[in-house]
Amino acid sequence: MSSRWKKVIAPVAVAAVLVALWHLLTYGAANEPAIAKTRFPTPWEVVLGFKHLLTTRPGEKAPQLVSSTVASVFRVMAGFNLAMLLGIPLGLLMGWYAGTYRALNPLVQLLRPISPIAWIPIAILMFKNDEPRSIFLIFVSTIFPITTAAAAAVQNIPQVYIRSAANFGCDGWSLFKKVVLPASLPQILTGLRLALGVGWIVIVAAEMIAVRSGLGRLIQDARDATGRLDLIVATMITIGAIGIGLDALVRRLENVDQIKWGYAKRG
Amino acid sequence: MRGAQKTFSEPGKPAIEVLSGVDLDVAEHEFVCLLGPSGCGKSTLLNMCAGFESIDGGTIAIDGEPVMGPDPRRVFVFQEYAIFPWMSVWDNIAFGLQGRSDAQRHEIARHYIELVGLEGFERAYPRELSGGMKQRVGVARALAVNPDILYMDEPFGALDSLTRLNLRSQLIQIWRREKKTILFVTHDIDEATQLGQRVVVMSARPARIKTIVDLSGLAYPRDIDSAEYIQARDRLFEEMGVSTRV
Ligand SMILES: Nc1ncnc2c1ncn2[C@@H]1O[C@H](COP(=O)(O)OP(=O)(O)OP(=O)(O)O)[C@@H](O)[C@H]1O
Ligand SMILES: [Mg+2]
């Protein structure tokens, strides 16, 4: 058997078993009208739910699932990019200059453990519109892990690299570009992956509570308006799948030659 | 070096005196080995010579000029390789050549890649190389800037004994051809006997120079089976206070 096959066969088998189990557990009650509203949907009903969410309704430009996904992904990307833009340089500075670290780290560490959800009321009061509101929430939930990772990455650069560079007369901007930045990239990237994951979790919560569109809102609407668990489950599966996709996007960078060295080979 | 001294002190911990007055003169083009027990302060001394560590007492001067900081005229080769894993072999070796023209860089990098036998690996990254190849990159990177002095801190320490033997004889050839002054730290008695014109034997911490053994009578390439070699080696074993029987 080719190794490619080996890689997919186990997860596919596990998924098949779980879906079968899910079916067995749910289909017995499928014809019970009395509990029809509150019972858990069967796998097939969820497939139909997907079909429902992927059908364009009159008066709308795109199917609900597509437009909600686009809205959520856009918000996460916007907030995350802003956080990178500010967090990476800030973290690098903190990692390099002990004084900056001493001055800023207590603040970063104080804000970092605050659940992003706790920021929601502030976001609601500060921003009237959905987009700035959710972008702000993603920003505050991703900037601290990014900054912390970048600072730690610089602090963990082995001394021999810095000494070696100094030995060859490399300093200033050239030292930063040729040694400090590349030496910290793998750890920064790990921080980015983590932060993007957090951002994706937060956007759903934020949309459920404070925003009028997106995947989180779709779940909330399915609960409030239609009470349809099949739509909720279909949306949740979509959220998981997009999460994998976002992670894979960042992971692709791990294979660049200038970064790959930072990841120990496994298996 | 005159009375070179070093004490590490951290708040809340007793100060560690590592070097207590080291006096040593090294001539141009000389190959000197520093031999001493683990933890005695050899690396510290070499780091001070290279300008990586401050000097707490005494002086270290090169051509009459006190060492103030790192300088490309004196290049350090580290035990843990210290070649940059994010750069190809080629970029590593050309790292110190930033001020030169492209043509010059190319010519020099080419020359040293050939010198250490890494043709065909120019585009490879360090993770694709064996330990011995990595250290050859480290040596080539150091030589490429044409330094007067090479400081080598157990550069072959992490390698297997065959590779080590091989690299030592390559190093001797390079040293004789390129006429460098080499200060070579090791705790391996055989290594010191094979390489040094003089071997500086250091005491346990705080390090002093116990004695200096002159091996300039042993011609290169050294025959490790010859009676003179064995005699010299046994002399070092004795100075280090270890038995020649296991
Ligand atoms: N930055 C430092 N701070 C405090 N103590 C240090 C520092 N660097 C070295 N030391 C201490 O100085 C002593 C000498 O260290 P050094 O690395 O010079 O030994 P060495 O002779 O090179 O040993 P080895 O052969 O094992 O490499 C050690 O006891 C070590 O604990
Ligand atoms: Mg050492």
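Trainee: How many residue pairs are in polar contact across the interface of chain A and chain B?

Mentor: A polar contact is a pair of N or O atoms within 3.5 Å; within protein, one must be able to donate a hydrogen and the other to accept it, and residues adjacent in sequence count only if both atoms are side-chain atoms. In this predicted model, the rule finds 10 such residue pairs between chain A and chain B, both residues being at pLDDT 80 or more.

Trainee: Which conventions apply to the values?

Mentor: Residues are numbered from 1 along each chain as its sequence is written, while chains are lettered from A and ligands numbered from 1 in the order in which they are written. In this predicted model local features need pLDDT of at least 70, side-chain atom pairs count only at pLDDT 80 or more, and totals for chains, interfaces and linings use all residues, and side-chain values use heavy atoms, with hydrogens and water left out.

Trainee: Which elements of chain A supply at least two residues of the side that touches chain B?

Mentor: Helices (H or I, at least four residues) and strands (E, at least two) are DSSP runs, numbered from the N terminus. Here the elements are α7 (159-167), α8 (172-210) and α11 (257-260) of chain A. The largest share, seven residues, comes from α7(A). By class, this side of chain A has 10 nonpolar, five polar and four charged residues. In this scheme Ala, Val, Leu, Ile, Met, Phe, Trp, Tyr, Cys and Pro count as nonpolar, Asp, Glu, Lys and Arg as charged, and the others, Gly among them, as polar.

Trainee: What area is buried between chain A and chain B?

Mentor: Buried area is the accessible area (1.4 Å probe) that two parts lose on being put together, summed over both. For chain A and chain B the value is about 2000 Å², and carbon and sulfur atoms give 65% of it. R163(A), N167(A) and F168(A) supply 38% of the area that chain A buries against chain B, more than any other three residues. Contact, meaning heavy atoms within 4.5 Å, takes in 19 residues from chain A and 25 residues from chain B.

Trainee: How many salt bridges cross the interface of chain A and chain B?

Mentor: A salt bridge is a side-chain nitrogen of Lys or Arg within 4 Å of a carboxyl oxygen of Asp or Glu. The rule finds one across this interface. There, the side chains of R163(A) and E53(B) meet at 3.4 Å, N to O. Over all chains, the structure holds 22 salt bridges. Among them is the pair D221(A) and R217(A), whose closest N and O atoms are 3.7 Å apart. These two residues are separated by about one helical turn, because they lie four residues apart in helix α9 (residues 215-226) of chain A.

Trainee: Why is chain A described as more spread out than a compact globule?

Mentor: The radius of gyration is taken over C-alpha atoms, and the globule rule is 2.2 Å times the number of residues to the power 0.38. Chain A has 11 helices and zero strands. Its radius of gyration is 23 Å, well over the 18 Å that the rule gives for 267 residues, so chain A is more spread out than a compact globule. Along its principal axes, the C-alpha trace of chain A spans about 80 × 60 × 35 Å.
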